[in-house]
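Here's a quick tour of a protein chain for anyone just getting started with structures. Take a look at the sequence and the model, then read on.

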Amino acid sequence: MSDELAYKALEGLGAAPLWNFYGNLFPAQPRSRAVPYRWSWQELRPHLLHFSKTLSLEEAERRVLMLVNPGLTDPPATVNTLYAGLQIILPGETAQAHRHTSNAFRFILEGSGAWTTVDGERVFMSPGDLLLTPGWHWHDHTHEGDEPMIWLDALDYPLVNALEAGFYEQYPRRLQPVTRPDDAGSRQFLHGRLTPLWLSQDGPNSPVTRYTWQETHRALEGIADSADGSDTDGIVLEYTNPWTGGPVMPTIGCRIQRLRPGFQGAGRRHTASTVFSVVRGEGATIVDGVRLEWSENDTFAVPGWASYRHLNASTSRDAVLFSYSDEPVMRSLGLYRTEGADPGA
């Protein structure tokens, strides 16, 4: 039998020669399909407002503009394991209650007077707040304010779907009943290391339902200029699970960082894929030679193992970045690696 006939026979036997694929199966280093990319708040916000007037929530269920990485269009994702989207809800609207396996959170960008109900607890929204919706928790939205409410949606569904572990269920009514005190998770747990002793850990997620911007800002201001911080990320703080001291969710880690005026970050790369949202300020992040200029409420992606460094363009004003990544997954699987690196010009 010739090699040609042998190769052809293997195709019908559900087999393939490893030697023809070895370089692709075991690359010398990670090669992400995601690319460095920035999504402009100023350009996308008008489109959000347009669809808020022409598309009802009954028609859409969730009125969201997905932030799709040019390298990850089918299926759509923002980085290889994580998704970001911009969601809008108008005064007087409610969004259908549902739940899914994927972990999710909301980082609030604009508006007031709205809340999400998570497993019977109303969790209120203000700009800069981080609201958690752990996997398989019922959640719906209600808005009783006067202006549009807009937030950054984040989910780990690209990872969950790649693992073929996704489930979804719609609640039998539009809104779930409120069965717990408002903002209970935040009020009971958001006090540093002072944790209620009459409660015990229930699942792998943080019990804090809302990390308020008031507390986050106070932490950043409390540190002020008394710490050197990281030469890569400035004054960087992690949102943590008070039960474990670890990340807020087993698949998603969240951080906030302050870049002092004129900050020129050192270059770095790591295997975690990261999505950034600009809380305030203007600057740039150089990712594998691509310069991403950013300003308030912009979102940008740094793929895994891409070299990056942050620059604060202002010599008089701080820049503040919120970010989330799949670092908890990489660490739990023993796949996290980091090193200094030059991202280029």
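This is a predicted model: local features need pLDDT of at least 70, side-chain atom pairs count only at pLDDT 80 or more; totals for chains, interfaces and linings use all residues.

**Overall build**

- You'll find eight helices and 22 strands in the protein chain.
- Its C-alpha trace stretches over about 75 × 55 × 50 Å along the principal axes.
- The radius of gyration is 22 Å, which agrees with the value near 20 Å that a compact globule of 345 residues would have.

- Of the 345 residues in the protein chain, 51% count as buried.
- The protein chain exposes about 16,700 Å², and carbon and sulfur atoms supply 53% of that area.
- Take the contacts in the protein chain with a separation of 6 or more: 75% of them come from residues 24 or more positions apart.

**Zooming in on one hairpin**

- Strand β6 covers residues 114–118, and it pairs with β7 in the antiparallel sense over four bridges.
- Two residues lie between the strands of this hairpin, where Asp 119 takes a positive phi near 45°.
- Across the pair, Val 118 stands opposite Glu 121 in β7.

**Two faces of a strand**

- In a regular strand, side chains alternate between the two faces of the sheet.

Definitions and conventions
Residues are numbered from 1 along each chain as its sequence is written. Side-chain values use heavy atoms; hydrogens and water are left out. Two strands pair if DSSP finds at least two bridges between them. The radius of gyration is taken over C-alpha atoms; the globule rule is 2.2 Å times the number of residues to the power 0.38. Buried means under 20% relative accessible area, exposed over 50%, partly exposed in between (1.4 Å probe, protein chains only). Contact means heavy atoms within 4.5 Å. Accessible areas come from the Shrake-Rupley method with a 1.4 Å probe; for residues, only the protein chains shown count as cover.
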